Amino acid sequence: ARRFDHISPAAKDPITSVTEAFLTDPNPDKINLGGAYRDGEGKPVVLQCVRDAEAKIAGSEFLESVSAAINSKLVEESCKLIYGGDSESIKEERFAGIQALSGTGACRLFAEFQRRFYPDSHIYFPNPTWSNHHNIWRDAQVSVRNFCYYHPKSKGLNFEGLISDIKNAPEGSFFLFHPCAHNPTGIDPTEEEWREISYHLKVKNHFPFFDVAYQGFASGDIDKDVMAIRIFLQDGHLVASAQSFAKNMGLYGHRVGCLSFLCDDVKQAFAIKSQLQKIARAMYGSPPVHGVLLVSTILGDQTIKALWTKELKIMADRIHGMRTILRESLEKLASPLNWEHITSQVGMFCYSGLKAEQIDRLARDFHVYMTSDGRISMAGVTTSNVDYLATAIHEVTK
Ligand code: PLP
């Protein structure tokens, strides 16, 4: 037998398939509802805060690995962003973190950490969740289970199911949460619901892991969007978080993220940090340096940070506006279906409830592309394509 004959092609990633189908379609009306943020003209965005940070670091000597000081700065600023600058754990330096290869890399490091130090534990994912969560923890050989999240009938949260799954999981399980702008459903628990979730996790001594990929995209406010994490801190949980700056700073290709832990004391924090560094060193050495300089500059400079939060709000508002227009357009077309969930869901995604054959028809007859679970990336909807999109959705659902 030849050396490579036993290797067959891997299944395509769902987002890659959507992008490929979109790119090969020559029709000028085509719409990509697969993923990344676009401006009102459908173009990729470079934020002005990133331009300002670039100007500030121009000429820096970043050909060598960045210094420990810059790494610590990124970790500290990232932690302040989610845990709050005045949180006890930050003030007492009871946190440990490491720069990661964006959100994906942060999740992968955590999964490896979990397998090494809690080899018999399970991780529970919301059902559904970002499809890559499954790949990441499977490759790390951690046992994956699901908890109830989406309720197809109400197109809302299955809160009862969620709580009962927390209660029934073996003591000390790991639970992954999206603190805001849940991918793919766009459904977040309310403040009251988060309080109950936190309470029940505490009772069972479960460990909360937050995947923070869209901070700022749900409400337009970076603090409001991590209200869930702050509730867990008030309740005295130790937590870990994966942060991505891909979306909220528009730095997709730069791969800047952070994995952080809150610990009981400084000694634990020191141990955890050194273990994370050891895991990363064997996986990829050190991460690229340009992006980390950009992010730590944006977060560390009050003027640039203020510009960032303003620009983030503009992106969130644009998406919110598109939700309103899409829903109104469908209602104007006298669609017999209820489209309230387009505006009640938050963040980049609308979990449309469209069925597989309707999604196929949207692609075939209308050149509109989305993943087969019916997830619409609202970031791809613009004032110029929203009417066409509403008509297309109406045609395949009436
Ligand atoms: N987590 C969630 C929930 C996501 O939706 C994504 C991206 O789609 C990521 C993590 C990772 O993104 P990245 O690795 O580009 O930062």
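## A look around the ligand and along the chain

The shell around the ligand is made up of 3 nonpolar, 7 polar and 1 charged residues. This is a predicted model, so please read every value below as computed from it.

Who are these neighbours? Around the ligand sit Ser-102, Gly-103, Thr-104, Trp-130, His-178, Asn-183, Asp-211, Ala-213, Ser-244, Ala-246 and Gly-257. The biggest contribution to this shell comes from helix H5 (residues 102-117), which supplies 3 residues.

**The chain as a whole**

Stepping back, the protein chain holds 15 helices and 13 strands. Its C-alpha trace spans about 60 × 60 × 55 Å along the principal axes. A compact globule of 398 residues would have a radius of gyration near 21 Å, and because the protein chain has 21 Å, the two agree. Buried residues account for 44% of the 398 residues. If you look at contacts between residues at least 6 apart in sequence, 77% of them join residues at least 24 apart.

**Backbone spots to look at**

| Site | Feature | Angle |
|---|---|---|
| Asn-127 to Pro-128 | cis peptide bond | omega near 5 degrees |
| Asn-183 to Pro-184 | cis peptide bond | omega near 15 degrees |
| Ala-334 | positive phi, not a glycine | phi near 60 degrees |
| His-367 | positive phi, not a glycine | phi about 65 degrees |

Pro-184 is in the loop between strand S7 (174-177) and helix H8 (191-203).

Ala-334 is in the loop that links helix H12 (302-332) and helix H13 (340-344), while His-367 lies between helix H14 (356-366) and strand S12 (368-369).

Is each of them buried, partly exposed or exposed? Ala-334 counts as exposed because it has 8 C-beta neighbours inside 10 Å, and the cut-off for exposed is 12 or fewer. His-367 has 19 such neighbours inside 10 Å and therefore counts as partly exposed; a residue needs 20 or more to be called buried.

Conventions: Residues numbered from 1 in each chain as written. Predicted model: local features only at pLDDT ≥ 70, side-chain atom pairs only at ≥ 80, totals over all residues. Helix = DSSP H or I, 4+ residues; strand = E, 2+ residues; numbered from the N terminus. Rg over C-alpha atoms; globule rule 2.2 N^0.38 Å. Contact = placed C-beta atoms within 7 Å. Near = placed C-beta within 6 Å. Nonpolar A, V, L, I, M, F, W, Y, C, P; charged D, E, K, R; others polar.
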